[in-house]
Amino acid sequence: MKIRIHDTYLFGRALDRTDWTPAGLAAIGAKAAGKKALARGMDRDYILDTLSRVGGMFSDRRSPYRRAALEHLSSAVSFSAPVTEKSLDVLPALLDRRPLQERMSMELFLPYAMETSVERRGYDGLLRAAPRGVVLHVGAGNVFLGVIDSLVSGILTKNVNIVKLSSSGSRFANIFMAALKEADKKGDIASTVAVLNWKGGTPELESAVLEHTDAVFVWGGAEAVASYRRMAPARVRVEGFGPKTSMGIVFESALETEGFAGVAEKAALDAGLWDQAACSSLHTLYFICPDRKKAAGRMRAFLAAAKKAFPRFQRELPQGSLTFDEKTEITRARQLAKADEALGAAETASSFPSTDWTVIWEKDPVYRVSPLNRVLYVKCAASLDEVKRNVAPFRTFLQTVGVAGNIVERKKVLEALCDSGVARVTRLGKMLEGANGSPHDGIFPMMSLVNWIGIEGRPGPLDRLIEMVGHARARSPFYRRHLSGVGRVSSLEDFHRVPFLQKEHVLENTPPDSTDLLTSKAQRGIYFASGGSTGQPKYVFYDQHEYEHTCRAVASALEAGGLGADDVIANLFVAGNLWSSWLSVEKAIANTKAISVPVGSGLPMENIVNYLRDFKVTALIGLPSFIAKLAEHVGPGRGRRGLRVGKIFYGGEYVGEEMARYFRRVFPGAAVRSAGYATADAGVVGFQCEKCSMGVHHLFSSSQYIEFVDPETRKPVQRGSVGELVVTCLNKRMMPIIRYRVGDLGRWVDGRCGCGRKEPLFEILGRCDDRIHVGGAHLFVNDIQDAIGRVPGLSFNFQIVIGRKGHKDALKIRVEAGPRSPLPAAVRSRLGGLLMAEIGNCCSDLMESVRMGWLDAPDIEVLGPGAIERVARTGKIRKVLDHRIRL
């Protein structure tokens, strides 16, 4: 397939036309304005995928688009064929999905604000980034990829884009648009871009197109930038990029580590690629030389190295074709240098008689702008202050400084030259690359392509519930089905008609088997397992921003519970196996003022005690069962071991008063508090302040909405009455959790907390569903049922009773035998033994806790038929009785 190259591209249609009139350009502007809604509504993932496909079309050297580009550019630009090839190699990397995502995150800071209103930490309200509308990109003729990069920024920010090509440049943008049109399966992106060419400096034409333009990016000369700023209406934002000049600075440390040869190689690259046509190309290279006596020796050593490095670069990437005027400018620079050399003021190394490359050492430290085409000036300066004085006249034109030196020296350069107009400091040899997300000429370009709109005042719980239901219904296949029978939600009464989210819903609609619960493709985030034992765990997903929010919430919970700047806290949670606790706690501690000692729980107990002593640990955080095992090892009286533990934070299980008293006996005076009430599915729901005790928590009301319902009827209970906790996460948009039955019993606690916080109080009272946290183990009721089913002679009527045995959890399993005559003790004992063996096969997590000594072996009680108490109203057995926490 041969690609035909046209002069013009208009919103999906290629044509050959350059004779534009003011009326014609005004009509194009009006058509662009009519496409604003289409561009604004495009899906970000679709945009990223489409641009990535375009990049792939130019990475394949057999691609008709790449072949067409090489053929066209060979005559349209002055670069040599190898330089053009290298330039095209930049495009696939520029358009790769991951770098584009990173670029949006770094330039917009809140990229999700392009899709919806989002919170910003510290701001009392929401922020929305709206496209400016129609963006005019005025291209320069020097580097053909520059205007493509500008166009990509406009597409990513969902603007309608008009590209004005330079009359002296190439038509590569039309080849790019042909590829984009093919990659754009829906045709939406391609239909919101126009590529035109008209004679620059024609005010009537430019004023016509500006009538319907909302922003202008001008890449080129100062006159062009000034002209558009004069003509643009006051409502139009004009950003000018160029003309710029860039320099390098070499410190003595680089000469020691890289030598003159290494510095010369990097200088040749920065001064040679694109024949110095880029704003970031190297023009003058300063060597910092406090000792003037050494200056001449260093300059001559560099010239000697340049005589090898520049020809080597020329062989790899030859200089492009030069005009007569360009050759004249190079010859003039060389002749002036020869004249200075006769006066002892300069020395030169060059490719004479060819004009391939030129390096001129001038003793005068004044900054020089190169005549381009691989002409480099080198100077010596005693200090950065001397460099600053000599570049001062060019402060409005300086862009990049390439530094040969270490990070300390690069920072010194930044501090010395930040008020001299410098917009970027990088390594020498990297001046033409540009780190992803780096500011360009002092700004983040994407920020100028959007309008930031604030909604002042944070939304209330009802607002968030309404929005979350609408978001989930619109974007999640599961919720679309789940909410099919629910009408519009506009009140709490409407919301309470939303069906509950059950554990099996999460299990069946999350990866790896399904993504139906997710609202978009999983990316830039993290998976965790929720639950465990031999039962199949649920997997939950947090995107990067949601996870960061969760970790900050845990940090807030720890600080509210008393963790402070003087604390050293040991993280004793279990790491790995997709569990969230250890990793999340580590990230949370990093957001506090405390010092973390990430011990974990996999070491021999004596090793852990040694760490606690050696690092003078003042606080512990972990599973209560493991902390109890640690306490048993330490024994009463922490002073005997030289320990300083004064705060204990627990999570994942319940701690009763008896266990808390035991902790305080071993660690006298220790404050024992919840690290936060949380679930892997919904995140952090509540926190304890220093006034809270036992299961009482403050609600994170800005991010969670909770209800208490009767476990049997599923109707709301009276305020203050005990019910099953149902949670809705108000800010988890990637995998929404709406009216999720957590499986815990709790109640509202009325009154204001003694700490003065306004967040409401609630109390957690134990488990009511089929997943039990006991003695460090996650135990599923179904696992016990499976074990019972393997023992002939036992019925499926059973009950699990959880209590305390001293400071440890205790587990009893009561099961009725099948219908039979009297049940002698020997039969009970035999059935109990068989059941215990099957529990060992079915409940590996439980048996591991027994092996570790965190829990004693379960007490098996075999009873006669009908012996277990039934609920009078329903005749059902309560499968789980948790006596660890009492009202």
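I started with the contact between H5 and H7: Ser87, Val90, Leu91, Leu94 and Leu95 in H5 meet Leu145, Ile148, Asp149 and Val152 in H7, where contact means heavy atoms within 4.5 Å. Helices here are DSSP runs (H or I, at least four residues), strands are E runs of at least two, and both are numbered from the N terminus. The residues of this contact divide into seven nonpolar, one polar and one charged. My classes: Ala, Val, Leu, Ile, Met, Phe, Trp, Tyr, Cys and Pro are nonpolar, Asp, Glu, Lys and Arg charged, and the others, Gly among them, polar.

Note on the model: it is predicted, with local features needing pLDDT of at least 70 and side-chain atom pairs pLDDT 80 or more, while totals for chains, interfaces and linings use all residues. Numbering runs from 1 along each chain as its sequence is written, and side-chain values use heavy atoms, leaving out hydrogens and water.

Next, the axes. Those of H5 (residues 81-95) and H7 come within 11 Å and cross at roughly 10 degrees. That makes H5 roughly parallel to H7 (under 35 degrees; over 145 is roughly antiparallel, 65 to 115 roughly perpendicular, the rest oblique). Axes are lines fitted to C-alpha atoms, for helices over the stretch in contact, and angles run from 0 to 180 degrees between N-to-C directions.

Then I looked up H3 (residues 44-59) and H6 (residues 97-108), whose axes come within 9 Å and cross at roughly 135 degrees. H3 and H6 are therefore oblique to each other. In H3, Arg44, Asp45, Leu48, Asp49, Leu51 and Ser52 meet Arg97, Leu100, Gln101 and Met104 of H6. I get four nonpolar, two polar and four charged residues in this contact.

Cavities came next. I used a 1 Å grid over the protein atoms alone: a cavity is a set of points where a 1.4 Å probe fits but cannot get out, and lining residues have an atom within 4 Å of a point. Points are joined across faces, edges and corners, and volume is the space filled by probe spheres set on them. I count three cavities of 30 Å³ or more. Of its 13 lining residues, Ala140, Phe144, Val147, Leu165 and Ser170 are the closest to its centre. H7 (145-156) and H8 (172-183) each supply at least two lining residues. The lining has eight nonpolar, five polar and no charged residues.

Last, the backbone. The Phe352 to Pro353 peptide bond is cis, omega near 15 degrees. Pro511 to Pro512 is also cis, omega near 10 degrees.

How values were computed: On a 1 Å grid over the protein atoms alone, a cavity is a set of points where a 1.4 Å probe fits but cannot get out, and a pocket is an open set with protein on both sides within 12 Å along at least five of seven lines; lining residues have an atom within 4 Å of a point.
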